[in-house]
Amino acid sequence: MKSSFTLLLIIALNSSAFSQVAHNRNADTFAEWTDVISYYQKANSHNDTEASHFSYAGTFGYMLLAEYGGTIRAIEKNDLKYFNKLLSSFFGQNAEGLFKHEVLLNTPEGPIYLPIQESLITYWKQELKKGDQMAVRIRAYGALKKDNDTKWFFGINSYGSDEYEYLWETALESLNQGRKENGLNCIYKLMELDPTDGRNHAVIAYNYYSEGFPDNRALMLKSDSVFEISQRLSPDHGYHYYQRALVKIRLEEYKAAWSNIEMARKLGVPKEEFYEPIMQELEEALPYKQYLSDKKK
């Protein structure tokens with residue numbers, strides 16, 4: 001049995017017994033390898049064996065960071081036969097040909113081989129070389145037998161050769177979908193990878209603003225302080241100024257709000273991005289003409 005499959009041999013798992021943050025049905029849940037592997041190792045202690053062969057045991061989706069080990073090889077014949085049968089039971093149709101090869105990944109838990117969708121192989125070879133850091137999206141497919149012969153397979157169904165930007169895009173995608181926890185987990189990892197990218201701080205700052213809206217002053221002050229960091233790190237990012245203006249309005253610091261609005265306009269934030277009811281609220285609190293007049297004094 002190859003290492004990639006041996007690592008994931010388990011019996012039936014009770015998903016409610018473990019963290020639902022890293023282990024849910026979404027396709028792009030950001031996790032560390034340690035968390036994922038530990039999850040399946042813990043599942044070995046559960047003895048739910050009353051299930052027919054290839055019964056549904058749940059699919060879990062993860063996005064993980066890894067280093068390419070530089071090797072692509074054919075999936076061993078017996079493993080491939082089992083994997084194809086398993087996939088066919090999930091998809092309700094013949095899945096032969098979907099996976100034929102596996103790639104070597106270096107992870108904090110050690111090197112492992114993971115199957116990769118055949119449609120990705122050509123791009124993988126063109127874009128990646130040994131030692132490259134990348135992000136992979138994988139699905140975990142499980143099956144059980146009454147005799148406890150259970151196998152879980154990881155299959156790579158997407159990847160990003162630029163791990164940082166792929167992680168950033170996943171963060172925004174998750175936040176836009178209302179999956180805040182996953183989005184912020186991605187952001188925290190991005191901050192670890194590059195503490196100088198002000199975009200990440202701006203996301204954290206805006207989260208404080210959203211949680212504190214409309215009148216939680218403590219959270220607004222937190223948001224304001226983090227926006228100050230984001231502006232210092234990325235001074236040419238216009239949206240940081242517009243978003244900080246929203247915070248300044250809540251703090252009733254209207255001159256500072258207009259100052260940030262001006263910087264946002266100067267840096268190219270389009271007019272339609274300025275939310276009209278908020279702009280009207282600012283105008284009523286401190287008319288722009290008055291702000292300009294006071295600024296000249």
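This is a predicted model: local features need pLDDT of at least 70, side-chain atom pairs count only at pLDDT 80 or more; totals for chains, interfaces and linings use all residues.
Let me begin with the largest pocket, which is lined by 16 residues, with L172, L175, V203, Y206 and Q243 lying nearest its centre. A pocket here is an open set of points on a 1 Å grid over the protein atoms alone, with protein on both sides within 12 Å along at least five of seven lines, and lining residues have an atom within 4 Å of a point.

Residues are numbered from 1 along each chain as its sequence is written, and side-chain values use heavy atoms, with hydrogens and water left out.

The pLDDT is the predictor's confidence in each residue, from 0 to 100; its mean over the chain is 85, and 82% of the residues reach 70 or more. Over residues 47-57 the pLDDT is below 50, and this stretch has 30 contacts in the model beyond near neighbours in sequence, contact meaning heavy atoms within 4.5 Å. Residues 144-149 also have pLDDT below 50, with 18 contacts beyond near neighbours in sequence.

Back to the largest pocket, which holds about 400 Å³ of space. Helices α5 (163-176), α6 (180-193), α7 (198-212) and α9 (238-250) each supply at least two residues of its lining, and α7 gives the largest share, six residues. Helices are DSSP runs of H or I with at least four residues, strands are runs of E with at least two, and both are numbered from the N terminus.

Staying with α7, this helix contains N200, which counts as buried at 0% relative accessibility, where buried means under 20% relative accessible area with a 1.4 Å probe and protein chains only. Leaving aside neighbours within four places in sequence, N200 is in contact with Y164, W168, I187, L190, M191 and D194.

What, then, surrounds α9? Twelve of the 13 residues of α9 are buried, so this helix is largely enclosed by the rest of the structure. Its buried residues, which include Y241, Y242 and Q243, pack against α7, α8 (217-233), α10 and α11. After α9 comes E252, whose phi is positive, near 60 degrees.

The largest nonpolar core has 39 residues, of which L167, I187, W258, I261 and F274 touch the most other members; such a core is a set of buried Ala, Val, Leu, Ile, Met, Phe, Trp, Tyr and Cys residues joined through side-chain atoms within 4.5 Å. Among the elements that give two or more residues to this core are β2 (59-74), α5 and α8, and the largest share, six residues, comes from α9. Apart from it lies another core, of 27 residues, among them A31, I121, M134 and I156. In soluble globular proteins, nonpolar side chains tend to be buried together.

Finally, the second largest pocket has about 220 Å³ of space, and its lining includes W258, R265, F274, M279 and E283. Both α10 (254-266) and α11 (276-285) supply at least two residues of that lining, and α11 gives the most, with four. W258 touches R265, M279 and E283, among others, not counting residues up to four places away in sequence.

Key
On a 1 Å grid over the protein atoms alone, a cavity is a set of points where a 1.4 Å probe fits but cannot get out, and a pocket is an open set with protein on both sides within 12 Å along at least five of seven lines; lining residues have an atom within 4 Å of a point. Grid points are joined across faces, edges and corners, and a volume is the space filled by probe spheres set on the points. Buried means under 20% relative accessible area, exposed over 50%, partly exposed in between (1.4 Å probe, protein chains only).
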